[in-house]
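Me: Please look at the model below with me, and let us work through a few questions about its fold and its aromatic rings.

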Amino acid sequence: MSNKTLAILSYITIIGWLVAYFNSKDKLTKSDIVKYHLKQGLGFFIVSFVINIALSMITSLIPSLYFINFIGIVLFILWIIGIMNAANQQKKPIPLIGKLFEGQFAFLER
């Protein structure tokens with residue numbers, strides 16, 4: 001697979017992330033773009049998982065706050081932006097949350 005495909009795949013579900021991770025690990029020359037988007041993708045999955053659990057707990061306890069589920073639309077837009085950055089082979093962080101993951105996940109550097 002090409003580096004561009006692996007970078008895009010790192011945002012498509014956690015299974016896609018795993019495929020991109022293991023395929024990039026097998027390559028002799030590691031691509032900075034792929035490593036960068038693997039970090040961004042993993043960070044995005046963690047944040048969206050935590051936010052979705054918190055939102056479901058809040059709306060189950062207080063049903064009148066159902067409108068905060070629109071945060072899911074914001075997450076969807078951020079996900080699309082991440083995929084677009086990967087498709088354009090740009091090392092740009094996901095808006096709002098991407099800077100948090102740039103120095104994290106050291107196991108991806110190997």
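Me: What share of the contacts in the chain with a separation of 6 or more comes from residues 24 or more positions apart?

Reply: This is a predicted model, in which local features need pLDDT of at least 70 and side-chain atom pairs count only at pLDDT 80 or more, while totals for chains, interfaces and linings use all residues. Residues are numbered from 1 along each chain as its sequence is written, and side-chain values use heavy atoms, with hydrogens and water left out. A contact here means heavy atoms within 4.5 Å. Among the contacts in the chain with a separation of 6 or more, the share from residues 24 or more positions apart is 67%.

Me: In what order do the elements of the chain run from the N terminus?

Reply: Helices are DSSP runs of H or I with at least four residues, strands are runs of E with at least two, and both are numbered from the N terminus. The chain has four helices and zero strands. From the N terminus on, the order is therefore α-α-α-α.

Me: How many aromatic pairs are there, and how are the rings of Tyr21 and Phe107 arranged?

Reply: Rings of Phe, Tyr and Trp (its six-membered ring) pair if their centres lie within 6.5 Å, with planes under 30 degrees apart counted as stacked, over 60 as edge-to-face and the rest as tilted. By this rule there are eight aromatic pairs. The rings of Tyr21 and Phe107 have centres 6.1 Å apart and planes at 70°, so their arrangement is edge-to-face.

Me: Which parts of the chain does the pair of Tyr21 and Phe107 tie together?

Reply: Buried means under 20% relative accessible area and exposed over 50%, with partly exposed in between (1.4 Å probe, protein chains only); Tyr21, at 13%, counts as buried, whereas Phe107, at 33%, is partly exposed. Because Tyr21 lies in helix 2 (residues 13–26) and Phe107 in the segment after helix 4 (71–87), the pair ties together parts 86 residues apart in sequence, namely helix 2 and the segment after helix 4.

Me: How does the pair of Phe76 and Trp79 count: stacked, edge-to-face or tilted?

Reply: Phe76 and Trp79 both lie in helix 4, three residues apart, about one turn of the helix. Phe76 is partly exposed at 49%, and Trp79 likewise counts as partly exposed at 24%. Their ring centres are 5.7 Å apart and their planes at 35°, so the pair is tilted.
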